[in-house]
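Colleague: I have a chain open on my screen and would like to go through it with you. Could we begin once it is displayed?

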Amino acid sequence: MTGFVRRVLRRLGERVADADPEDLASLVALRDDLERAIQAAVQGQREQHGTSWTEIGRALGVKRQSAQERYGRIAS
């Protein structure tokens, strides 16, 4: 499923490149939606599965402490 989403986002970027500058705001809003989805996923991993901050950090490509600092306030 993530492969499909990536293809759609790449195509959207190409379309916005050929569109009005105002359309760029809609694309940027997707970044905020993606961040909220990541926050929900981290919270679910922590609460429902007991996933450690080390594992979450590894999945995010950051250190445990960075993951906890960024998402720990939301997903304690």
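**A walk through the helices**

Modeller: Thr54 is found in helix 3. Please keep in mind that this is a predicted model.

Colleague: Is Thr54 buried, exposed or partly exposed?

Modeller: Thr54 has a relative accessible area of 40%, so the residue is classed as partly exposed.

Colleague: Let us move to Glu35, then. Which residue forms a salt bridge with Glu35?

Modeller: Arg70 does, with 3.0 Å between the closest N and O atoms. This pair links distant parts of the chain, since Arg70 belongs to helix 4 and Glu35 to helix 2, 35 residues apart. Arg70 is partly exposed, because its relative accessible area is 47%.

Colleague: How many salt bridges does the structure hold?

Modeller: There are three salt bridges in the structure. One of them joins the side chains of Arg36 and Asp33, at 2.4 Å from N to O. Another joins the side chains of Arg11 and Glu14, at 3.3 Å from N to O.

Colleague: Where do Arg11 and Glu14 lie?

Modeller: Both are in helix 1, three residues apart, which is about one turn of the helix. Arg11 counts as partly exposed because its relative accessible area is 43%. Glu14 is also partly exposed, at 45% relative accessibility.

Colleague: And what separates Arg36 from Asp33?

Modeller: About one helical turn, because they are three residues apart in helix 2. Asp33 is partly exposed, with a relative accessibility of 39%.

Colleague: What happens just after helix 2?

Modeller: Gly50 takes a positive phi there, of about 65 degrees. Thr51 is in the loop between helix 2 (23-49) and helix 3 (53-60).

Colleague: Which residues are in contact with Thr51, leaving aside its neighbours within four places in sequence?

Modeller: With those neighbours set aside, Thr51 is in contact with Gln45, Arg46 and Ile56. The side chains of Thr51 and Gln45 also make a polar contact, at 2.8 Å.

Colleague: Ile56 interests me. How far is Ile56 from Ala67?

Modeller: The C-alpha atoms of Ala67 and Ile56 are 6.9 Å apart, for a separation of 11 residues along the chain. Ala67 is in helix 4 (residues 64-71).

Colleague: Is Ala67 buried or exposed?

Modeller: Ala67 counts as buried, because its relative accessibility is 1%. Leaving aside neighbours within four places in sequence, its contacts are Trp53, Ile56, Gly57, Leu60, Val62 and Gly72.

Colleague: What about Val42, buried or exposed?

Modeller: Val42 is buried, at 4% relative accessibility. Val42 is found in helix 2 as well. Between Val42 and Gly13 the C-alpha distance is 26 Å, and they are 29 residues apart in sequence.

Colleague: A change of topic: which residues make the nonpolar surface patch?

Modeller: Met1, Phe4, Val5, Val8, Leu9 and Leu30 make a patch of about 610 Å².

Colleague: Which helix gives the largest share of the nonpolar patch?

Modeller: Helix 1 (residues 2-17) does, with four residues. Val5 is found in helix 1, and counts as partly exposed because its relative accessibility is 39%.

Terms used: Residues numbered from 1 in each chain as written. Predicted model: local features only at pLDDT ≥ 70, side-chain atom pairs only at ≥ 80, totals over all residues. Heavy atoms only, no water. Helix = DSSP H or I, 4+ residues; strand = E, 2+ residues; numbered from the N terminus. Polar contact = N/O pair within 3.5 Å; in protein donor to acceptor, adjacent residues only side chain to side chain. Contact = heavy atoms within 4.5 Å. Patch = residues over 30% accessible without salt bridge, like charges linked within 9 Å, V, L, I, M, F, W, Y side chains within 5 Å. Areas by Shrake-Rupley, 256 points an atom, 1.4 Å probe, with all protein chains shown as cover. Salt bridge = Lys/Arg side-chain N within 4 Å of Asp/Glu carboxyl O. Buried < 20%, exposed > 50% of the residue type's maximum accessible area, 1.4 Å probe, protein only.
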